[in-house]
Amino acid sequence: MKIQERTGAGAGRSAAPAQPSVGDRLPTPPRERKPALAALAVLLILVGALGATMLVLQAGDRIEVVKVTEAIPAGGSVSTSNTTSVMVAKDDSIHYVEWSQLDQLKKLKAVSAIPAGVVAVGEMFGDEAGVAAGKATVGLSLKAGQYPTGIKQGDTVAAYRVSSASGSSNSNSNSSSSASSNSVIVDNARVTYVPGAKDSGDELVSSTNLAVTLTVDSDKAADLAQAASNGEVALVQVPGNSGN
């Protein structure tokens, strides 16, 4: 009986799985270090941070400049009503006209037609406007009723000769004068200059007279100037504001 009990106990112990000793575990390979990849990662982080900094600096280096909001014909000038201010990135290679220089810019003339929506640069203006070959500019001083309401730079107008003389006569001289009255002097003239209502720096215009400058064909300039000196000119706005 004692022999059987010992055998059974020994059989029970042998059924339990044997645990491996610490010395029997396989060694793990050491991790391979890659210093080149680590250096590349650091470099990329530094480059990204530098790029972000440059973008912030460039966005902050901006200036306020003049933008043309209405078309300005050759010989015309900027005003408060046909310009606005915009912010642009500063670029020394572009001769922007800064908003603080608007008053000085009003004294200059456009050397050629300037479309609406462009940012003004110094090369667009000069002391004297370039007049195309075969053209001339004529200044008028018009009373209320001699020009259409709302007339502005760039408009196309016709200039008529009007007479203030009243009555009629049967004489040949009066008939000839009447025939010359109320006739077209210029059928297609471009308004080169007219003071804006908001222009504090422009010439002040009285309540009865408006200073208007027209660009016309050279062969029409003398007749228009003569009629203007006699106060016998009336302007009528006509189609054709896209240009001559």
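## Helix H5

H5 (218-229) is followed by Gly231, whose phi is positive, near 70°. Helices (H or I, at least four residues) and strands (E, at least two) are DSSP runs, numbered from the N terminus. This is a predicted model, in which local features need pLDDT of at least 70 and side-chain atom pairs count only at pLDDT 80 or more, while totals for chains, interfaces and linings use all residues. Residues are numbered from 1 along each chain as its sequence is written, and side-chain values use heavy atoms, with hydrogens and water left out.

The 12 residues of H5, at 1.5 Å a residue, should span 16 Å, and the 17 Å between its end C-alpha atoms agrees with this. The expected span is 1.5 Å times one less than the number of residues.

Ala221, Leu224, Ala227 and Ala228 are the buried residues of H5. Buried means under 20% relative accessible area, exposed over 50% and partly exposed in between (1.4 Å probe, protein chains only). Seen down the helix axis, the buried residues of H5 fall within an arc of 145°, so they line one face; the arc is that of the directions from the helix axis to the C-beta atoms.

The covering of these buried residues includes S5, S6, S7, S8 and S9. On the face turned away from the buried side, H5 carries the exposed residues Asp219, Ala222 and Ser229.

## Nonpolar cores

A nonpolar core is a set of buried Ala, Val, Leu, Ile, Met, Phe, Trp, Tyr and Cys residues joined through side-chain atoms within 4.5 Å. The largest has 22 residues, and those with the most contacts inside it include Leu140, Val212, Leu224 and Leu235. At least two residues of this core come from each of S5 (135-143), S6 (156-161), S7 (183-193), S8 (209-217), H5 and S9 (233-237). A second, separate core of 11 residues includes Val66, Val78, Leu102 and Leu105.

## Polar contacts in loops

Ser79 lies in the loop between S1 (62-68) and S2 (83-89). Its relative accessibility is 6%, so Ser79 counts as buried. The side chains of Ser79 and Ser81 are joined by a polar contact of 3.0 Å. A polar contact is a pair of N or O atoms within 3.5 Å; within protein, one must be able to donate a hydrogen and the other to accept it, and residues adjacent in sequence count only if both atoms are side-chain atoms.

His95, in the loop between S2 and H3 (102-105), counts as partly exposed at 46% relative accessibility. A polar contact of 2.6 Å joins its side chain to that of Glu123.

Notes. Contact means heavy atoms within 4.5 Å.
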